[in-house]
Amino acid sequence: MTSGVTAEPAILDAMELTSDPELEVRFAESAHQILADLVSGGAALGWVEPPSRDEVSDLLGHVISAVQAGDAALRAAYLGRRLVGLGYWLRYARPTHRPHADLEKIAVEAAAHGRGVGRALTAALIADAREAGIEVLTLDARGDNTSALQLYRSLGFTEYGRLPGFVAVGEHRYDKVFYMLDFRQQG
């Protein structure tokens with residue numbers, strides 16, 4: 001598994017990932033493994049069953065295209081040369097919502113939990129959103145994902161709504177919790 005290394009994660013952006021074709025291919029493979037493993041373990045990432053390689057590849061292609069159009073940010077966290085996490089936001093497509101973006105996924109492999117990887121990814125994506133002129137960055141999370149909700153609150157997000165029992169995973173139901181970070185109120 002992992003050694004006792006406590007180094008800070010290196011956080012790469014989409015341009016750094018796509019500038020090296022070998023790195024880009026390894027990124028897609030490693031991202032699939034992380035997402036599939038997390039979903040297999042019950043993580044709240046939007047899938048009930050682990051996504052296929054093609055699903056993850058299509059998703060990453062969509063996000064990278066949006067990055068190139070100025071409508072997204074993608075970040076990848078590495079400890080050494082190993083991908084340990086990824087996250088992205090996408091600008092809303094609806095014309096009346098274009099000033100805003102939704103933080104759609106933050107995924108950190110289980111072995112790297114507790115090392116500040118999720119915090120570093122989220123902070124980098126927040127900085128990207130500010131730089132892109134995003135007015136409000138939103139996200140939603142499953143109500144039982146208490147560590148993620150605490151992380152988001154610690155980074156300045158506030159809850160603005162909750163749908164009780166909205167997320168269905170088999171027979172289980174979870175709240176869908178909505179958070180926002182309003183850059184307009186930050187000076």
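**A salt bridge to start**

Modeller: Let's begin with a pair: the side chains of Asp 71 and Arg 91 form a salt bridge, 3.2 Å from N to O. By salt bridge I mean a side-chain nitrogen of Lys or Arg within 4 Å of a carboxyl oxygen of Asp or Glu. The two sit in distant parts of the chain, 20 residues apart: Asp 71 is in the loop between α3 (53-68) and β2 (72-79), and Arg 91 is in strand β3 (residues 82-91). Helices (H or I, at least four residues) and strands (E, at least two) are DSSP runs, numbered from the N terminus.

Colleague: Before we go on, where does the model come from, and how are residues numbered?

Modeller: It's a predicted model, where local features need pLDDT of at least 70 and side-chain atom pairs count only at pLDDT 80 or more, while totals for chains, interfaces and linings use all residues. Residues are numbered from 1 along each chain as its sequence is written, and side-chain values use heavy atoms, with hydrogens and water left out.

Colleague: Okay. Is Asp 71 buried or exposed?

Modeller: Asp 71 is buried, at 19% relative accessible area. Buried means under 20% relative accessible area, exposed means over 50%, and partly exposed is in between (1.4 Å probe, protein chains only). Arg 91 is buried too, at 17%.

Colleague: Which other residue does Asp 71 meet in a salt bridge?

Modeller: Arg 98, at 2.8 Å from N to O. This pair also links distant parts of the chain, 27 residues apart, with Arg 98 in the loop between β3 and β4 (101-108). Arg 98 is partly exposed, with a relative accessible area of 30%.

Colleague: How many salt bridges does the structure hold?

Modeller: Nine. Another one of them joins Glu 159 and Arg 162, whose closest N and O atoms are 3.2 Å apart. Glu 159 is partly exposed at 38% relative accessibility, and Arg 162 is partly exposed at 40%.

Colleague: Switching topic. What's in the largest nonpolar core?

Modeller: It has 28 residues, and those with the most contacts inside it are Trp 89, Leu 103, Leu 137, Tyr 152 and Phe 157. A nonpolar core here is a set of buried Ala, Val, Leu, Ile, Met, Phe, Trp, Tyr and Cys residues joined through side-chain atoms within 4.5 Å. At least two residues each come from β2, β3, β4, α4 (117-131), β5 (136-142), α5 (146-154) and β7 (172-182).

Colleague: Which element gives the most to this core?

Modeller: That's α4, with five residues. Apart from this core lies another of 27 residues, among them Val 63, Ala 66, Ala 72 and Leu 74.

Colleague: And what is Leu 137 in contact with?

Modeller: Leaving aside neighbours within four places in sequence, its contacts (heavy atoms within 4.5 Å) include Trp 89, Leu 103, Ile 126, Phe 157 and Tyr 179. Leu 137 is in β5, opposite Ala 101. Six of the seven residues of β5 are buried, so this strand is largely enclosed by the rest of the structure.

Colleague: How does β5 pair with β4, parallel or antiparallel?

Modeller: Parallel, over two bridges; two strands pair if DSSP finds at least two bridges between them. With β7, β5 runs antiparallel, and seven bridges join them. One example there is Leu 139, whose bridge partner in β7 is Tyr 179.

Colleague: Now a helix. Where is His 32?

Modeller: His 32 is in helix α2 (residues 21-40), and it is buried, with a relative accessible area of 11%. Not counting residues up to four places away in sequence, His 32 touches Pro 51, Ser 52, Arg 53 and Val 56.

Colleague: Last bit, the whole thing. How many helices and strands are there?

Modeller: Five helices and seven strands. From the N terminus on, they run β-α-α-α-β-β-β-α-β-α-β-β. The C-alpha trace spans about 40 × 40 × 35 Å along its principal axes. Of the 187 residues, 43% count as buried. And among contacts with a separation of 6 or more, 60% are between residues 24 or more positions apart.
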